[in-house]
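Trainee: Hello! I would like to learn how to read a protein structure, one feature at a time. Could you guide me through this one?

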Amino acid sequence: MAHNRQLAQRGAELVQTAIGGRPLAPPPLFAAMVSIPLAVRGPDAAAALERRFIADGWEVMFPVIGDRVFVRIAAHLYNREDDYAALGRKLVEHGVHGEP
């Protein structure tokens with residue numbers, strides 16, 4: 001579990017470097033998942049993002065709480081840091097930025 005927590009933290013850092021913003025919770029509260037608020041709003045925006053990522057062959061969660069949309073970073077044994085850097089690049093490619 002410690003490996004996944006560290007990987008999730010590193011993954012969040014890599015995605016933040018690409019899109020800006022900051023995680024919903026502080027690093028001491030990270031587990032194997034981290035949520036980063038995005039600048040887009042509403043369930044329709046989240047669904048549109050999910051469709052675009054699926055069309056590109058990606059499996060990415062964009063949960064919605066209230067009107068806020070998040071990207072969820074999950075860490076598993078098979079993930080590598082490069083996966084998160086690629087996610088950051090893909091988010092930027094789709095014009096997605098972190099919540100200011």
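Trainee: Let me start with helix α3: what span should its 13 residues have, and how far apart are its end C-alpha atoms?

Mentor: Good place to begin, and keep in mind that this is a predicted model. Helix α3 covers residues 81-93, and at 1.5 Å a residue it should span 18 Å. Its end C-alpha atoms are 19 Å apart, which agrees.

Trainee: Which residues of α3 are buried?

Mentor: The general idea comes first. An α-helix has 3.6 residues a turn, so residues three or four places apart point the same way. Now the case here: Y84, L87, G88, K90 and L91 are buried in α3. Looking down the axis of α3, you find these buried residues within an arc of 165°, so they line one face of the helix.

Trainee: And which residues are exposed on the other side of α3?

Mentor: There you find D82, R89 and E93.

Trainee: What do the buried residues of α3 pack against?

Mentor: They pack against helices α1 (2-19) and α2 (43-55), and against strand β3 (68-74). Just after α3 there is also a backbone detail to spot: G95 takes a positive phi of about 75°.

Trainee: Which residue takes a positive phi just after α1?

Mentor: That is G20, with a phi of about 80°.

Trainee: Let me try a single residue. Why does N79 count as buried?

Mentor: Buried means under 20% relative accessible area. N79 has 15% relative accessibility, so it counts as buried. You will find N79 in the loop between β3 and α3. A polar atom of the N79 side chain lies 2.9 Å from the backbone nitrogen of H76, and a polar contact of 3.5 Å joins the side chains of N79 and D83. Setting aside residues up to four places away in sequence, N79 touches L7, A74 and Y84.

Trainee: Now for E99: is it buried or exposed?

Mentor: Buried, with a relative accessible area of 17%. E99 is in the segment after α3.

Trainee: Which side chains make polar contacts with the side chain of E99?

Mentor: One is the side chain of R41, at 2.7 Å, and another is the side chain of R68, also at 2.7 Å. Beyond its neighbours within four places in sequence, E99 is in contact with several residues, including G21, P37, L38 and A39.

Trainee: How much space lies in the largest pocket?

Mentor: The general idea is that rolling a probe the size of a water molecule over the atoms shows where empty space is left. In this model, the largest pocket holds about 450 Å³ of space. It is lined by 14 residues, and the closest to its centre are E59, V60, R72, A74 and N79. The elements that give two or more residues to this lining are β3 and α3.

Note on methods
Residues numbered from 1 in each chain as written. Predicted model: local features only at pLDDT ≥ 70, side-chain atom pairs only at ≥ 80, totals over all residues. Heavy atoms only, no water. Helix = DSSP H or I, 4+ residues; strand = E, 2+ residues; numbered from the N terminus. Expected span 1.5 Å × (residues − 1). Buried < 20%, exposed > 50% of the residue type's maximum accessible area, 1.4 Å probe, protein only. Arc of directions from axis to C-beta. Contact = heavy atoms within 4.5 Å. Polar contact = N/O pair within 3.5 Å; in protein donor to acceptor, adjacent residues only side chain to side chain. 1 Å grid on protein atoms, 1.4 Å probe; cavity = no way out; pocket = protein on both sides within 12 Å on 5 of 7 lines; lining within 4 Å. Points joined across faces, edges and corners; volume = space filled by probe spheres on them.
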